[in-house]
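Hi everyone, thanks for making time this morning. I'd like to walk you through a structure, so please have a look at it with me.

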Amino acid sequence: MLSQALATASADGPRCVFVQMLVFGRTLAILRVASDDPEPRLSASIQLPDELPSLDELAADPNLPDMLDDGLGRALAAAVVDPLLADIAPGDRVVLCTTAPASRVPWHALPLADGRPWGARNVISQAPNATVLVRCLSQARPDGAALVIGDPTGDLPRGRDEARAIAEALGVTPLLGGEATLGAVAAALAGQAPALLHFACHGDVDEVDSTRSALLLAPEDPSDDGRLTVTALGGAALAGTRAFLSACDLAVADGPTRTEVFGMPRALLAAGAGAVVAGIWRVDDTATQLLMQRCHRDMATQPLADALASAQHWLRGLTVADVVAMAEAALAAELPQDRRARLLRHIAVEQVRAGDLPAAGATLRRLLADTDEDLAPAEHAQARHYLALLADVGDPLAPPDYAMRPFAPMRLWAPFVVTGDWR
């Protein structure tokens, strides 16, 4: 049944290979099912080298993304990924089904022998198990209007800007700030399933009881904690919906057993969602906003997993000059004063990153002169603070470097994964 579902779903595209990774201490058993091969096969039995941490140890380390950038990523890929590539041709689509400790690893980002991430050789998505994947692939996409939620807790201005931009591109009105309450979201989900659901908000993972992991919405009254829990999401009607969780750590909470991953994506899939895009570690606001807006743009012409992969590749390659140019282009439009001020502050931050302190000072003074402090008080306060700091800094010792790539670290470009239907 799985092979047939893979063959049907990939009929007009590349070959698809389902890879199940079972973890037994330091031993990994890799099972493979391909769209052109109905028989499940043991692709590899891998013993992690003694010099590598176990996957349990990796999963528990909060510095995992930086460790993978510092050489561990290539060592792990050499031990686990390279042996699989004999059965996976360049361009094949890969669906990974991992047990809980392996789900913390960004397999798509691990560097191969040629230096490219595995996701540049094969577009990679995930699935909690074969049964759920078959159900996701068999669903039709709903026709309901998209539902976009941004900054419910009032402390994620970039999440608000992200939601505004995505909602504008989709032709819908977002629920922003205090509008995004449990009641408002429940009412919006009560009718026809939305074609797309996008949350740009905080997430909270309960490491003891994953069913209590939640998206944090706006409270309706002092007694309301605003937590949209896994349990509550599991009761929604989301048949075929594509769901984006632009929040932290929500793709990887342990389930009742260690044979599959439970958590927010699994709850949305249980509610009928066709696919979920979620992060596997704490995410950066700026990188996430850029990634999500680019991914939504690319979805117009590419399958979902391909759009995420191309957006990650784009983000990883952005230079400071690119980021400044995009922000300046955005300023040409009519924007709310707070959003305009945030863009100017963002330009100044990137100019500091490049080492161009005079340009950063000029941009901060432009922010103070060109935007209304009453409508952007936080940005004005920060601009004055930054100007005071710049006044105490001497002349730069090196010329500005606008060619540097600020989002090249794995922790910035690689946290998001697609679970479910990759299309």
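This is a predicted model: local features need pLDDT of at least 70, side-chain atom pairs count only at pLDDT 80 or more; totals for chains, interfaces and linings use all residues.

Residues are numbered from 1 along each chain as its sequence is written, and side-chain values use heavy atoms, with hydrogens and water left out.

Let's start with the helices. Helices here are DSSP runs of H or I with at least four residues, strands are runs of E with at least two, and the numbering goes from the N terminus. For packing, the axes are lines fitted to C-alpha atoms, for helices over the stretch in contact, and angles run from 0 to 180 degrees between N-to-C directions.

How do helix 6 and helix 13 cross? On the cut-offs, under 35 degrees counts as roughly parallel, over 145 as roughly antiparallel, 65 to 115 as roughly perpendicular, and the rest as oblique. The crossing of helix 6 with helix 13 is left-handed, meaning that the near helix is turned anticlockwise from the far one by less than a right angle; clockwise would be right-handed.

Who makes that contact? On the helix 6 side we have Pro157, Arg158, Asp161, Arg164 and Ala165, and on the helix 13 side Asp338, Arg339, Arg342 and His346. Contact means heavy atoms within 4.5 Å. By class, the residues between helix 6 and helix 13 are 2 nonpolar, 1 polar and 6 charged. For those classes, Ala, Val, Leu, Ile, Met, Phe, Trp, Tyr, Cys and Pro are nonpolar, Asp, Glu, Lys and Arg are charged, and the others, Gly among them, are polar.

Now the other partner of helix 6. Its axis and that of helix 10, residues 285-298, come within 9 Å and cross at roughly 10 degrees, which makes helix 6 roughly parallel to helix 10. Helix 6 contributes Arg158, Asp161, Glu162, Ala165 and Ile166, and helix 10 contributes Asp285, Thr286, Thr288, Gln289, Met292, Gln293 and His296. This contact of helix 6 with helix 10 divides into 3 nonpolar, 5 polar and 4 charged residues.

One further pair for you: helix 1, residues 2-9, and helix 5, residues 130-138, have axes that come within 10 Å and cross at roughly 35 degrees. Helix 1 passes helix 5 in a left-handed crossing. Leu2, Ala5, Leu6 and Ala9 of helix 1 meet Ala130, Leu133, Val134 and Leu137 of helix 5. What classes do we find between helix 1 and helix 5? The tally is 8 nonpolar, no polar and no charged.

On to the cysteines. How many disulfides are there in the whole structure? The search finds 0, where a disulfide would be a pair of cysteine sulfur atoms within 2.5 Å. Take Cys97: the closest cysteine sulfur, in Cys136, is 12 Å from its own, too far for a bond. Cys97 is buried at 1% relative accessibility, and Cys201 is buried too, at 3%. Buried means under 20% relative accessible area, exposed over 50%, and partly exposed in between, with a 1.4 Å probe and protein chains only.

Finally, some single residues. Asp151 sits in the loop between strand 6 (147-150) and helix 6. Its phi is near 50 degrees, a positive value in a residue other than glycine, and Asp151 is buried, with 2% relative accessible area.

Thr319 lies in the loop between helix 11 (304-317) and helix 12 (320-331) and is buried at 17%. Leaving out residues up to four places away in sequence, Thr319 touches Tyr402, Ala403, Met404, Arg405 and Pro406.

Arg353, in helix 13, is partly exposed at 37%. Beyond its neighbours within four places in sequence, Arg353 contacts Val320, Met404 and Pro406.

Last one: is Thr231 buried or exposed? Thr231, in helix 8 (residues 230-234), counts as exposed at 55%. Thanks, everyone!
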